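Please open the structure in your viewer and keep the selection tool at hand.

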Amino acid sequence: MTDSRFEQWDVVSSVGLTALVVAAGRSVDTHRPDGLISDPYAEAFVQAANPAQPLATRPVEPKDDSDDELWQMMSGYMGTRTRFFDEYFAGATGRGLRQVVVLASGLDTRAHRLDWPAGTSFYEVDQAKMIEFKDAVLEQEGATARCDRRTVLADLRDDWPAALRAAGFDPATPTAWLTEGLLPYLPAETQSALVDAIDDLSAPGSEWAIEDFTNIAQQFDDPAFGRVAAKMGVDMQQLLYSDERPDPAATLRSRGWTTDTHVAVEVAKSYGRTLDPLTQRLNGQSSFVTATKAR
Ligand SMILES: C[S@@+](CC[C@H](N)C(=O)[O-])C[C@H]1O[C@@H](n2cnc3c(N)ncnc32)[C@H](O)[C@@H]1O
(Lines give C-alpha, C1' and ligand atoms only; values in the text may rest on other atoms or scores of the structure.)
Protein backbone atom coordinates (compact mmCIF):
# COMPACT_ATOMS: atom_id res chain seq x y z
CA MET A 1 0.00 0.00 0.00
CA THR A 2 1.57 3.29 -1.04
CA ASP A 3 0.19 6.79 -1.08
CA SER A 4 1.39 8.77 -4.06
CA ARG A 5 0.48 12.09 -2.38
CA PHE A 6 3.33 11.66 0.08
CA GLU A 7 6.97 10.72 -0.25
CA GLN A 8 7.42 7.05 0.71
CA TRP A 9 10.50 5.65 2.38
CA ASP A 10 11.72 2.30 3.55
CA VAL A 11 13.96 1.32 6.44
CA VAL A 12 17.17 2.30 4.64
CA SER A 13 16.08 5.64 3.18
CA SER A 14 15.10 9.15 4.25
CA VAL A 15 13.54 9.36 7.74
CA GLY A 16 12.96 5.58 7.63
CA LEU A 17 16.68 5.09 8.19
CA THR A 18 16.46 7.03 11.47
CA ALA A 19 14.29 4.19 12.82
CA LEU A 20 17.09 1.74 11.99
CA VAL A 21 19.67 3.99 13.67
CA VAL A 22 17.52 4.06 16.81
CA ALA A 23 17.20 0.24 16.69
CA ALA A 24 21.00 0.02 16.47
CA GLY A 25 21.21 2.28 19.55
CA ARG A 26 18.83 0.02 21.43
CA SER A 27 20.90 -3.00 20.41
CA VAL A 28 24.08 -1.39 21.74
CA ASP A 29 22.36 -0.58 25.02
CA THR A 30 20.94 -4.12 25.28
CA HIS A 31 24.49 -5.48 25.05
CA ARG A 32 26.07 -2.99 27.45
CA PRO A 33 26.98 -4.49 30.83
CA ASP A 34 25.26 -1.47 32.38
CA GLY A 35 22.38 -1.54 29.85
CA LEU A 36 19.10 0.10 30.80
CA ILE A 37 16.87 -1.89 28.46
CA SER A 38 16.50 -5.26 26.81
CA ASP A 39 15.41 -5.30 23.18
CA PRO A 40 16.08 -8.80 21.84
CA TYR A 41 14.94 -7.88 18.31
CA ALA A 42 16.86 -4.66 17.68
CA GLU A 43 19.97 -6.31 16.28
CA ALA A 44 17.96 -8.52 13.89
CA PHE A 45 16.44 -5.42 12.27
CA VAL A 46 19.87 -3.97 11.52
CA GLN A 47 21.15 -7.28 10.16
CA ALA A 48 18.09 -7.79 7.97
CA ALA A 49 18.17 -4.23 6.61
CA ASN A 50 21.88 -4.44 5.84
CA PRO A 51 22.29 -0.66 5.40
CA ALA A 52 24.87 0.74 2.97
CA GLN A 53 26.73 2.31 5.91
CA PRO A 54 27.17 -0.39 8.57
CA LEU A 55 25.65 0.48 11.96
CA ALA A 56 27.25 -0.78 15.18
CA THR A 57 24.92 -3.01 17.20
CA ARG A 58 27.33 -3.93 20.00
CA PRO A 59 29.34 -1.78 22.37
CA VAL A 60 32.93 -1.22 21.24
CA GLU A 61 35.88 0.02 23.19
CA PRO A 62 36.35 3.67 22.27
CA LYS A 63 39.28 3.80 19.86
CA ASP A 64 40.87 6.46 17.76
CA ASP A 65 38.02 6.53 15.31
CA SER A 66 36.13 9.44 16.83
CA ASP A 67 32.99 8.75 14.79
CA ASP A 68 32.62 5.26 16.25
CA GLU A 69 33.19 6.70 19.66
CA LEU A 70 30.58 9.37 19.05
CA TRP A 71 28.08 6.75 17.94
CA GLN A 72 28.66 4.70 21.08
CA MET A 73 28.12 7.82 23.15
CA MET A 74 24.89 8.68 21.36
CA SER A 75 23.52 5.21 22.00
CA GLY A 76 23.68 6.04 25.73
CA TYR A 77 20.85 8.46 25.06
CA MET A 78 18.74 5.87 23.20
CA GLY A 79 18.91 3.52 26.20
CA THR A 80 17.87 6.35 28.50
CA ARG A 81 14.91 7.44 26.44
CA THR A 82 13.73 3.88 25.76
CA ARG A 83 13.85 3.02 29.45
CA PHE A 84 11.96 6.18 30.35
CA PHE A 85 9.12 5.40 27.94
CA ASP A 86 9.08 1.70 28.95
CA GLU A 87 8.45 2.92 32.50
CA TYR A 88 5.83 5.39 31.28
CA PHE A 89 3.82 2.52 29.80
CA ALA A 90 4.19 0.41 32.95
CA GLY A 91 2.84 3.37 34.93
CA ALA A 92 -0.02 4.02 32.52
CA THR A 93 -1.23 0.40 32.49
CA GLY A 94 -0.78 0.35 36.29
CA ARG A 95 -3.21 3.29 36.38
CA GLY A 96 -5.69 1.20 34.43
CA LEU A 97 -5.15 2.29 30.79
CA ARG A 98 -5.74 -0.55 28.32
CA GLN A 99 -5.52 1.23 24.96
CA VAL A 100 -2.05 2.21 23.68
CA VAL A 101 -1.11 4.15 20.53
CA VAL A 102 2.47 4.59 19.33
CA LEU A 103 2.65 7.13 16.50
CA ALA A 104 5.65 6.70 14.18
CA SER A 105 6.35 3.34 15.79
CA GLY A 106 9.34 2.58 13.54
CA LEU A 107 11.12 -0.51 14.91
CA ASP A 108 9.71 -0.13 18.42
CA THR A 109 9.12 -3.66 19.79
CA ARG A 110 7.36 -2.80 23.04
CA ALA A 111 4.29 -4.84 22.01
CA HIS A 112 6.57 -7.89 21.91
CA ARG A 113 9.11 -7.27 24.64
CA LEU A 114 7.13 -5.72 27.52
CA ASP A 115 4.45 -7.27 29.73
CA TRP A 116 0.94 -5.98 29.08
CA PRO A 117 -2.16 -6.60 31.19
CA ALA A 118 -4.83 -8.81 29.62
CA GLY A 119 -7.15 -6.80 27.42
CA THR A 120 -4.54 -4.27 26.24
CA SER A 121 -4.97 -3.05 22.63
CA PHE A 122 -1.75 -1.72 21.15
CA TYR A 123 -1.85 0.35 17.94
CA GLU A 124 1.28 1.13 15.93
CA VAL A 125 1.08 3.81 13.24
CA ASP A 126 3.79 4.26 10.61
CA GLN A 127 4.29 4.14 6.86
CA ALA A 128 3.54 0.88 5.04
CA LYS A 129 7.09 -0.21 4.14
CA MET A 130 8.30 0.38 7.70
CA ILE A 131 5.60 -1.82 9.20
CA GLU A 132 5.94 -4.51 6.53
CA PHE A 133 9.71 -4.74 7.10
CA LYS A 134 9.28 -4.89 10.85
CA ASP A 135 6.60 -7.59 10.70
CA ALA A 136 8.72 -9.72 8.37
CA VAL A 137 11.72 -9.59 10.75
CA LEU A 138 9.60 -10.24 13.83
CA GLU A 139 8.07 -13.26 12.13
CA GLN A 140 11.51 -14.54 11.16
CA GLU A 141 12.55 -14.14 14.81
CA GLY A 142 9.48 -16.05 16.02
CA ALA A 143 8.38 -13.02 18.06
CA THR A 144 4.86 -12.96 19.48
CA ALA A 145 3.04 -9.84 20.61
CA ARG A 146 2.07 -9.89 24.29
CA CYS A 147 -1.04 -7.81 23.70
CA ASP A 148 -3.66 -7.25 21.01
CA ARG A 149 -1.33 -5.54 18.53
CA ARG A 150 -2.84 -3.77 15.54
CA THR A 151 -0.83 -2.04 12.87
CA VAL A 152 -2.06 1.07 11.07
CA LEU A 153 -0.33 1.77 7.76
CA ALA A 154 -0.81 5.52 7.45
CA ASP A 155 1.02 8.77 6.88
CA LEU A 156 0.88 11.23 9.74
CA ARG A 157 0.41 14.07 7.22
CA ASP A 158 -2.80 12.35 6.13
CA ASP A 159 -6.07 11.40 7.89
CA TRP A 160 -4.42 8.92 10.26
CA PRO A 161 -7.18 9.31 12.90
CA ALA A 162 -9.65 7.78 10.42
CA ALA A 163 -7.24 4.88 9.76
CA LEU A 164 -6.76 4.40 13.52
CA ARG A 165 -10.51 4.27 14.14
CA ALA A 166 -10.93 1.86 11.23
CA ALA A 167 -8.42 -0.44 12.95
CA GLY A 168 -10.65 -0.52 16.05
CA PHE A 169 -9.39 2.39 18.16
CA ASP A 170 -12.07 3.62 20.57
CA PRO A 171 -11.91 7.36 21.41
CA ALA A 172 -14.22 6.80 24.40
CA THR A 173 -11.56 4.61 26.08
CA PRO A 174 -8.67 6.37 27.85
CA THR A 175 -5.45 5.97 25.86
CA ALA A 176 -1.71 5.97 26.57
CA TRP A 177 -0.09 7.75 23.60
CA LEU A 178 3.58 7.90 22.69
CA THR A 179 5.48 10.11 20.24
CA GLU A 180 9.15 9.15 20.57
CA GLY A 181 11.66 10.30 17.97
CA LEU A 182 9.01 12.05 15.94
CA LEU A 183 7.99 15.69 16.31
CA PRO A 184 10.88 17.57 14.61
CA TYR A 185 10.57 15.24 11.62
CA LEU A 186 7.13 16.75 11.00
CA PRO A 187 6.50 20.22 9.59
CA ALA A 188 5.03 22.67 12.14
CA GLU A 189 1.51 22.51 10.74
CA THR A 190 1.52 18.69 10.82
CA GLN A 191 2.68 18.78 14.44
CA SER A 192 -0.13 21.20 15.35
CA ALA A 193 -2.71 19.01 13.60
CA LEU A 194 -1.32 15.98 15.44
CA VAL A 195 -1.64 17.72 18.83
CA ASP A 196 -5.26 18.66 17.96
CA ALA A 197 -6.03 15.11 16.82
CA ILE A 198 -4.58 13.49 19.95
CA ASP A 199 -6.53 15.89 22.15
CA ASP A 200 -9.74 15.15 20.19
CA LEU A 201 -9.22 11.38 20.34
CA SER A 202 -8.31 11.33 24.05
CA ALA A 203 -10.98 10.38 26.57
CA PRO A 204 -10.57 11.93 30.05
CA GLY A 205 -7.74 10.18 31.92
CA SER A 206 -5.69 9.65 28.76
CA GLU A 207 -1.93 10.13 28.95
CA TRP A 208 0.68 11.17 26.39
CA ALA A 209 4.46 10.84 26.57
CA ILE A 210 6.37 13.09 24.19
CA GLU A 211 10.04 13.21 23.36
CA ASP A 212 10.68 16.93 22.93
CA PHE A 213 13.90 17.31 20.98
CA THR A 214 12.96 20.38 18.96
CA ASN A 215 16.27 21.98 19.94
CA ILE A 216 18.29 19.26 18.20
CA ALA A 217 18.07 20.60 14.62
CA GLN A 218 20.63 23.35 15.15
CA GLN A 219 23.12 20.91 16.72
CA PHE A 220 23.68 19.30 13.34
CA ASP A 221 25.34 22.53 12.19
CA ASP A 222 28.21 21.34 14.39
CA PRO A 223 30.67 19.42 12.15
CA ALA A 224 31.16 16.69 14.81
CA PHE A 225 27.48 15.74 14.69
CA GLY A 226 27.07 16.38 10.98
CA ARG A 227 29.95 13.97 10.31
CA VAL A 228 28.58 11.14 12.42
CA ALA A 229 25.11 11.53 10.90
CA ALA A 230 26.63 11.44 7.41
CA LYS A 231 28.56 8.32 8.37
CA MET A 232 25.27 6.65 9.24
CA GLY A 233 23.92 7.73 5.87
CA VAL A 234 21.42 10.16 7.42
CA ASP A 235 21.19 13.80 6.36
CA MET A 236 19.78 15.13 9.61
CA GLN A 237 19.84 18.76 8.50
CA GLN A 238 17.56 17.85 5.66
CA LEU A 239 15.25 15.62 7.70
CA LEU A 240 14.71 17.82 10.74
CA TYR A 241 12.40 20.82 10.56
CA SER A 242 13.48 23.87 12.51
CA ASP A 243 10.40 25.99 11.75
CA GLU A 244 8.81 27.73 14.74
CA ARG A 245 6.08 25.68 16.38
CA PRO A 246 3.96 25.94 19.51
CA ASP A 247 5.24 23.99 22.52
CA PRO A 248 2.93 20.92 22.67
CA ALA A 249 3.04 20.85 26.50
CA ALA A 250 1.84 24.49 26.67
CA THR A 251 -0.94 23.74 24.17
CA LEU A 252 -2.04 20.73 26.21
CA ARG A 253 -2.04 22.73 29.48
CA SER A 254 -4.24 25.37 27.84
CA ARG A 255 -6.69 22.54 27.12
CA GLY A 256 -6.87 21.15 30.64
CA TRP A 257 -4.06 18.60 30.57
CA THR A 258 -1.41 18.54 33.31
CA THR A 259 2.19 18.09 32.20
CA ASP A 260 5.55 17.16 33.72
CA THR A 261 8.88 17.74 32.01
CA HIS A 262 11.90 15.50 32.60
CA VAL A 263 15.21 16.71 31.17
CA ALA A 264 17.10 13.82 29.55
CA VAL A 265 20.43 14.41 31.25
CA GLU A 266 18.71 14.29 34.65
CA VAL A 267 16.73 11.18 33.73
CA ALA A 268 19.99 9.48 32.70
CA LYS A 269 21.50 10.47 36.05
CA SER A 270 18.53 8.96 37.89
CA TYR A 271 19.38 5.66 36.13
CA GLY A 272 22.99 5.93 37.26
CA ARG A 273 24.17 6.91 33.78
CA THR A 274 26.22 9.99 33.07
CA LEU A 275 25.85 11.19 29.51
CA ASP A 276 29.23 12.18 28.13
CA PRO A 277 29.72 15.86 27.24
CA LEU A 278 29.09 15.39 23.49
CA THR A 279 25.89 13.48 24.06
CA GLN A 280 24.81 16.06 26.60
CA ARG A 281 25.29 18.69 23.95
CA LEU A 282 23.39 16.74 21.30
CA ASN A 283 20.56 15.14 23.28
CA GLY A 284 21.02 15.98 26.93
CA GLN A 285 18.77 19.04 26.85
CA SER A 286 15.97 17.12 25.14
CA SER A 287 13.11 16.42 27.46
CA PHE A 288 10.52 13.76 28.04
CA VAL A 289 7.12 15.30 28.67
CA THR A 290 4.36 13.30 30.31
CA ALA A 291 0.85 14.69 30.09
CA THR A 292 -2.51 13.62 31.54
CA LYS A 293 -5.94 14.76 30.43
CA ALA A 294 -8.20 15.70 33.35
CA ARG A 295 -10.83 13.11 34.28
C1 LIG B 1 13.53 8.28 14.58
S2 LIG B 1 12.35 7.11 14.00
C3 LIG B 1 11.53 6.75 15.53
C4 LIG B 1 10.86 5.43 15.53
C5 LIG B 1 10.34 4.96 16.90
N6 LIG B 1 9.40 5.86 17.47
C7 LIG B 1 11.50 4.75 17.85
O8 LIG B 1 11.73 5.59 18.73
O9 LIG B 1 12.18 3.75 17.70
C10 LIG B 1 11.20 8.14 13.12
C11 LIG B 1 9.96 7.38 12.61
O12 LIG B 1 9.00 8.35 12.18
C13 LIG B 1 8.29 7.81 11.09
N14 LIG B 1 7.66 8.94 10.41
C15 LIG B 1 8.21 10.15 10.14
N16 LIG B 1 7.35 10.92 9.46
C17 LIG B 1 6.21 10.17 9.30
C18 LIG B 1 4.98 10.40 8.64
N19 LIG B 1 4.72 11.54 8.02
N20 LIG B 1 4.07 9.40 8.65
C21 LIG B 1 4.31 8.22 9.28
N22 LIG B 1 5.48 7.95 9.92
C23 LIG B 1 6.41 8.91 9.91
C24 LIG B 1 9.37 7.12 10.29
O25 LIG B 1 8.84 6.18 9.36
C26 LIG B 1 10.19 6.47 11.41
O27 LIG B 1 9.72 5.18 11.69
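The stops below begin at the ligand and then turn to individual residues of this predicted model.

**The ligand**

Select the ligand first. The ligand sits in the largest pocket. Display the 21 residues around the ligand; among them, W9, R81, A104, D126 and E180 come nearest. Which element supplies the largest share of this shell? That element is helix 1, which contributes 4 residues.

A polar side-chain atom of R81 lies 2.7 Å from an oxygen atom of the ligand. For D126, a polar side-chain atom likewise lies 2.7 Å from an oxygen atom of the ligand. Then select L156 and show its backbone: one of its polar backbone atoms is 2.9 Å from a nitrogen atom of the ligand. On its own, the ligand has 600 Å² of accessible area, and the protein covers 99% of that area.

**A104**

A104 is found in the loop between strand 1 (99-103) and helix 4 (110-113). Its phi is positive, at about 60 degrees, although A104 is not a glycine.

**S14**

S14 counts as partly exposed because its relative accessibility is 26%, which falls between the limits of 20% and 50%.

**S27**

Continue into helix 1, which spans residues 16-31, and select S27 there. Is S27 buried or exposed? S27 is buried, because its relative accessible area of 1% is under the 20% limit. Leaving aside neighbours within four places in sequence, S27 is in contact with A42, E43 and T57. Select T57 as well and show its backbone: the backbone oxygen of T57 lies 2.7 Å from a polar atom of the side chain of S27.

**Q218**

For the last stop, select Q218. Where is Q218 found? Q218 is in the loop between strand 5 (207-212) and helix 8 (223-231). Q218 counts as exposed because its relative accessibility, 53%, is over the 50% limit. Finally, select D155 together with Q218 and use the distance tool on their C-alpha atoms. The two residues are 63 residues apart in sequence and 26 Å apart in space, C-alpha to C-alpha.

How values were computed. Residues are numbered from 1 along each chain as its sequence is written. This is a predicted model: local features need pLDDT of at least 70, side-chain atom pairs count only at pLDDT 80 or more; totals for chains, interfaces and linings use all residues. Side-chain values use heavy atoms; hydrogens and water are left out. Helices (H or I, at least four residues) and strands (E, at least two) are DSSP runs, numbered from the N terminus. Buried means under 20% relative accessible area, exposed over 50%, partly exposed in between (1.4 Å probe, protein chains only). A polar contact is a pair of N or O atoms within 3.5 Å; within protein, one must be able to donate a hydrogen and the other to accept it, and residues adjacent in sequence count only if both atoms are side-chain atoms. Contact means heavy atoms within 4.5 Å. A residue is near a molecule or strand if one of its heavy atoms lies within 4 Å of it. Accessible areas come from the Shrake-Rupley method with a 1.4 Å probe; for residues, only the protein chains shown count as cover. On a 1 Å grid over the protein atoms alone, a cavity is a set of points where a 1.4 Å probe fits but cannot get out, and a pocket is an open set with protein on both sides within 12 Å along at least five of seven lines; lining residues have an atom within 4 Å of a point. A molecule sits in a cavity or pocket if more than half of its atoms lie within 2 Å of its grid points.
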